[in-house]
Structure formats: structure tokens, C-alpha cells
Amino acid sequence: HAKERFVYQAVHMLFNGDFTEPWESEEERCCKLTFIGKNIDHDALREGFNKCLCTPELNAKRLKKLRFAIGDRVECNTGIGGWGAGSVINLMYRDDSFPPGDVAPYQVQLDDGDLIYAPADVDELIRAAK
């Protein structure tokens, strides 16, 4: 979702990452990693990074871990106003205002019509309706 390239550099325990220049309009968006070192376990590195890929299979696993489905009645912590009742209308919701790569497990339409999102799938933020 990012419009800029993300550059990550690490040496031993020191690391830094940030978004840099924008992608060119016709440029293929891809990820490249270069490891320099001795006795690197290539298979373990590859396996670990492959678990982070956004594939249909991994997306299905992530969705299966969620406690609520679209249409489920929930209550959301709305802050000062307490808890508001509503229905889940979207899973793994992403808004353009979110930092690149961030998603919210749920988008909820409250009974008063307001649209909100639950930033994490925890009882302190979203729970089954009573």
C-alpha cells in the first residue's frame, strides 16, 4: 500500500528503517533482501520471511484467527462515551490515513450509523454484544 520505498538496514544489533523515495509509476514493486555474513541459515531465513508474505493462504489463516465475522453483533470501546453496539462490516480494514502496512482487524458500523474500526482484536476494544 505504500507509495514510497521502505529501506531497512541493519548491522549486528543496530537497525533502522524508513520510507524513502517514491516508486516510479511503471516500476515493478518488489522486495529485495541482501544478507552478508558467515554461517547464515538460508532455509530458516527464507521460511521466516515466507510466513510474512501476503498470499491468499496466509490471508485465510489470518482471517480464521479473528474472533468475529462480518455481520456479527459487537460492542466497541468508543473512549469517553463508553461502549457502542454495532455490526462488523469489514475484516482487515485499511484506511488511507493508516501508516503504510497497517490494517485494523475490524471495521464496525455502530447502531447510530457511525463507522469506526477496532485497531486490535482484544476484549478491551471489541467484544461480543450482550
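The largest pocket is lined by 36 residues, and Cys30, Cys31, Lys32, Leu33 and Phe49 lie nearest its centre. A pocket here is an open set of points on a 1 Å grid over the protein atoms alone, where a 1.4 Å probe fits, with protein on both sides within 12 Å along at least five of seven lines; lining residues have an atom within 4 Å of a point. This is a predicted model, in which local features need pLDDT of at least 70 and side-chain atom pairs pLDDT 80 or more, while totals for chains, interfaces and linings use all residues. Residues are numbered from 1 along each chain, and side-chain values use heavy atoms, without hydrogens or water.

β1 (4-11) gives the most to this lining, with seven residues; α1 (42-50) and α2 (56-65) each supply at least two. Strands (E, at least two residues) and helices (H or I, at least four) are DSSP runs, numbered from the N terminus.

Eight salt bridges are found in the whole structure, each a side-chain nitrogen of Lys or Arg within 4 Å of a carboxyl oxygen of Asp or Glu. In one of them, Glu27 pairs with Arg5, the closest N and O atoms being 2.6 Å apart. Glu27 lies in the loop between β2 and α1 and Arg5 in strand β1, so the pair ties together parts 22 residues apart in sequence. Arg5, Glu21 and Glu27 are linked in a network of salt bridges.

Arg67 forms a salt bridge with Asp121 (2.7 Å, N to O). Asp121 is in the loop between β6 (115-118) and β7 (126-128), Arg67 in the loop between α2 and β3 (73-77), 54 residues apart.
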